[in-house]
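Here is a short report for a first look. It covers a sheet and some charged contacts.

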Amino acid sequence: RELSSVLQRHAQMLLGADRRAHWPSFPREGGASKGKIPVPQSPTEAEGVGLRAPSPVPVLKPITSRTISVVVNSFYRCGYSDPQLFSVLAQTLIRLDPSDFTAQSLSMVMTSYSKAGLLRGELAKHLVAVCGGLREEHTDAQAHADLITAMSRAGIGRECVLKLVTQMSRLKESDLYREGRHYGSGGGVLAALVSSLVAASVKDTHAISTISHLTLNIDPSTLDTRSIAAIMQGYAVLNVRDPSVIARLSTLLSRVRIDEVSPQAAANIAWSCGVHEIVDPDLLGWVWRCLDKHMGGLGVSGLSQVHQFLLFCRLRGFTKADILSSYYDQDLSPELLTQVTDREDLAERRCRDSFVLSARSERREGSSLQREVASVLKAVASDVFDDLKGLVAEEWLLQEHIDEESGYSYDLYLPDRQLVIEVDGPSHFVTVLSLTREEGLRHEEEEINGKTSMKHRHLRALGKTVVSVPYCKWPEGAEAKRAYLRQKLREATQGDVEAT
C-alpha cells in the first residue's frame, strides 16, 4: 500500500509536466525510517532522510513502458489490486510516444494489464495502435505470442491479432531464441505460439505448417513436458491432425520420468489423446502410469479431462489392463489384474462424477440462439415425425439434458429417437485462416474445434444421432429457419448422422 501511494503521487505529480515522466529511485543502501518509504525529491533531500544518493546518478529516472509493465505485473502477481494506481499508470502509458515502446515492452504491458483485467478503454485503443505500427523484423517469436494472447483475452485488436498470426508463417528456428534474454527454452516459445493461437481461436494454415516444421526439427532437449503438453493440447483444441508431430511428441514423452510430470500436464496429455484418437499402446500406457500417480492431485477440471480420455478408451474397447499388458509386453497376473480393474472402475466413477458436476454447474437457460432453435423445432418436428402430431413438446423434448452415463449435456434431446440437437455457438469453432499466395487475399471460415468434434464423435459411438446447428449457418427469416431445420431432421432420419 505504501509503495502504491508513493508511485501514485509521483506519477500524478510528473504526468502533466513532461511527456517523459520520472519514477522515484530508491538507493539499495541507507537508513530509511522503519515502516515508512520516504519520497526524496532531490539528492540533498535524500541525504536529509538518511538515504544514500550517489552522484552523479539522479534520484529520479525516466518512466518507460517496460518499467510500468514490471510495476503492474508485480502488484498483480502479489495479489494486490489497486485500480487507482493502475489507472494513473495507464494515463502515463497513453502519454508515451509509440517510439517509446519496443515489441517486448509492449507485450509486457499488454500481458500485465490483460491479466489484471484492465486492458480496455483508451489504454487498449492506444496500445493496439502502437502494436499496429510495430515493424515485423523488430518483433520476436515470444513477443508475437504474448501480444496475440493478451489482445485475444481482452477481446481487442482483432485485425492486429490476425496480422500477427499471419506473420508466424515466416518464423525460423533461430527466432525461437533471442540473445540477451532467456525464455527458458526454444520449446517453451514454440508452446507459447501454439497457446496464443488457442487464445485467439485461430487456425492459420501457414502458421500451423511452420510450427509443425519447427516442432519436428527443434532440439529435443528444449522441449520439456510442460511444452509438449501445451503443444499437444493446442493442436487438439484447434483440431489440427498432424500424425508426424504427435508421433514425435509421443516419442519424447515416452522418455520422461513419471515423477517429472505435473498432475495438470498429465490430464492435458490424456485429454489430447482422446481428441487425437491416439491408439499407440506405448503412449497410452505412459498416460495410464501418469494418471495412477497424479490422479489424486487433480481438481474438477482435470478430472473432467481424464473422464473424456477414459470414455474414449471405453468406446474404443481399450481397458487399462489391455493397455498395460501391451505396454509391458506381458500378461498381468490374476491378482494384479483384479487390482487394476478395481482401480479403473474407481477412477471412472470419480472422473464421471466430476464431469457431471462440471456440466451441472455450467447449466444455464441456454443462449438466445438455442431458445430460438428450440422454438422452431417445436413448430416443425411434426412435419418430419408423424407420431409427434398432436403432442405437446414437453412429452417428446428435453432441454439442457445431462446424460448420467456419459456425463455430456445435450442442448435439445428427443429421447424416444435418441436424437441430440446441438446448437453450436462461436465458442465451438475456430477461425481457419488461409492466404492465397497468388492474390495475397486472406480467406476466413469457421471450423468446429477439437473439443466439440470429440463430443459429437462420442455421442455417435454411444448410439445417438447428432444434428449440429452451427451459429454461422443459421439462416435469417422465419420460413428459412423452418426449412433449414426440417432438412436437418430429414437428413438425420435418412441415416446421415453427421447432419452438418
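How many salt bridges does the structure hold? The structure holds 15. Note that this is a predicted model.

## The sheet

An open sheet is built from 3 strands, in the order β3-β7-β8. The pairing is mixed. β3 (202-204) and β8 (442-448) stand at the edges. Each has a single partner strand, so one side of each is left without a neighbour in the sheet. From one strand to the next, the twist averages 25 degrees.

Strand β7 covers residues 429-435. β7 and β8 pair in the antiparallel sense, over 7 bridges. Here L435 stands opposite R442 in β8.

E447 and K203 form a salt bridge, with the closest N and O atoms 2.3 Å apart. E447 lies in β8 and K203 in β3, so the pair ties together parts 244 residues apart in sequence.

Is K203 buried or exposed? K203 counts as buried, because its relative accessibility is 11%, under the 20% cut-off. E447 has 28% and counts as partly exposed.

## Salt bridges beyond the sheet

E277 and R457 also meet through their side chains, in a salt bridge of 3.4 Å, N to O. E277 lies in the loop between α13 (263-276) and α14 (281-294), and R457 in helix α19 (residues 450-461), so the pair ties together parts 180 residues apart in sequence. E277 is partly exposed, at 24% relative accessible area.

R360 bridges to E404, with the closest N and O atoms 2.6 Å apart. R360 is in helix α17 (residues 334-361), while E404 is in the loop between β4 (398-402) and β5 (409-414). They are 44 residues apart. R360 is partly exposed at 47%, and E404 is partly exposed at 44%.

Salt bridges that share partners also join R241, E277, R316 and R457 into one network.

Technical notes
Residues numbered from 1 in each chain as written. Predicted model: local features only at pLDDT ≥ 70, side-chain atom pairs only at ≥ 80, totals over all residues. Heavy atoms only, no water. Pairing = 2+ DSSP bridges. Helix = DSSP H or I, 4+ residues; strand = E, 2+ residues; numbered from the N terminus. Axes fitted to C-alpha atoms, helices over the stretch in contact; angles between N-to-C directions. Salt bridge = Lys/Arg side-chain N within 4 Å of Asp/Glu carboxyl O. Buried < 20%, exposed > 50% of the residue type's maximum accessible area, 1.4 Å probe, protein only.
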